[in-house]
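Hi,

Here is the structure I said I'd pass on. Have a look at it first, and then read on for what turned up.

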Amino acid sequence: MENDRALLMYYTILFRDVLMVAVNTPIRTVIYACTIPLFVNSLSREDNSDLQFESALILTQICNGSRNQTKVVIEAGAIPVLVRLLSEEELKEQAVCVLGNIAVDFRDLVLQGGGMAPLLLCCQGDDLSSL
């Protein structure tokens, strides 16, 4: 079990590193590898905040791509999970980034998913520089 957890973390970081290249980001390759549902499911792994964070970084990069690429993340069920993460102190910044990228093309879906109130709560703090 612990080996599976370590392996999942290893490959998640590997995919994150692949997506962090500045030129010709291979978003399509990551999508074709059928990994998006895995990363969305990893967002719910409350027993592993590092995995949640790395998965959110990956989804941020995917949602920086085309409208169709962002739609794959939505279809994997990311919006409700990300809205829940807005209440997690160490994950809310990354959840805001992913939801913001989704909202560029799919604002109504973020609003319908209950994103408005939690996003506003994130903006009420004194220090917004990290967002």
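Let's start with a single side chain: Arg16 has a relative accessibility of 17%, so it counts as buried, the cut-off being under 20%. Before going further, please keep in mind that this is a predicted model.

Arg16 has a charged partner. It forms a salt bridge with Asp17, and the closest N and O atoms of the two are 2.7 Å apart. Asp17 itself is partly exposed, at 41% relative accessibility.

There are five salt bridges in the structure. One of them pairs Arg107 with Asp108, with 3.5 Å between the closest N and O atoms. Arg107 is exposed at 52% relative accessible area, while Asp108 comes out as partly exposed at 45%. Going back to Arg16, shared partners link Arg16, Asp17 and Glu54 into one network of salt bridges. Another bridge joins Glu89 to Lys92, again with the closest N and O atoms 3.5 Å apart. Glu89 is exposed, with a relative accessible area of 63%.

Now the overall picture. The protein chain has eight helices and zero strands. Its radius of gyration is 14 Å, close to the 14 Å that the globule rule gives for 131 residues, so the chain is as compact as a globular protein of that length. Along the principal axes, the C-alpha trace spans about 40 × 30 × 25 Å. Buried residues account for 38% of the 131 residues. If you take the contacts between residues at least 6 apart in sequence, 64% of them join residues at least 24 apart. The accessible surface of the chain is about 7,600 Å², and carbon and sulfur atoms supply 54% of that.

Helix 4 deserves a look of its own. It covers residues 49-62, and at 1.5 Å a residue its 14 residues should span 20 Å; the C-alpha atoms at its ends are 20 Å apart, which agrees. Eleven of those 14 residues are buried, so helix 4 is largely enclosed by the rest of the structure. Among the buried ones are Leu51, Glu54, Ser55 and Ile58.

Those four residues come up again when you look at Thr12. Leaving aside residues up to four places away in sequence, Thr12 touches Phe39, Leu51, Glu54, Ser55 and Ile58. Thr12 lies in helix 1 and is buried, at 1% relative accessibility.

What about Tyr11? This residue is also placed in helix 1, which runs over residues 2-19, but Tyr11 counts as partly exposed at 40% relative accessibility. Tyr11 belongs to a nonpolar surface patch of about 470 Å², made together with Leu7, Tyr10, Leu14 and Val18.

Leu91 is buried, with a relative accessible area of 4%. Not counting residues up to four places away in sequence, Leu91 touches Ser49, Gln52, Phe53 and Leu85. Leu91 and Leu43 are 48 residues apart in sequence, and their C-alpha atoms are 9.5 Å apart in space.

That's what I have for now. Happy to go through any of it with you.

Cheers

Key
Residues numbered from 1 in each chain as written. Predicted model: local features only at pLDDT ≥ 70, side-chain atom pairs only at ≥ 80, totals over all residues. Heavy atoms only, no water. Helix = DSSP H or I, 4+ residues; strand = E, 2+ residues; numbered from the N terminus. Expected span 1.5 Å × (residues − 1). Buried < 20%, exposed > 50% of the residue type's maximum accessible area, 1.4 Å probe, protein only. Patch = residues over 30% accessible without salt bridge, like charges linked within 9 Å, V, L, I, M, F, W, Y side chains within 5 Å. Areas by Shrake-Rupley, 256 points an atom, 1.4 Å probe, with all protein chains shown as cover. Salt bridge = Lys/Arg side-chain N within 4 Å of Asp/Glu carboxyl O. Contact = heavy atoms within 4.5 Å. Rg over C-alpha atoms; globule rule 2.2 N^0.38 Å.
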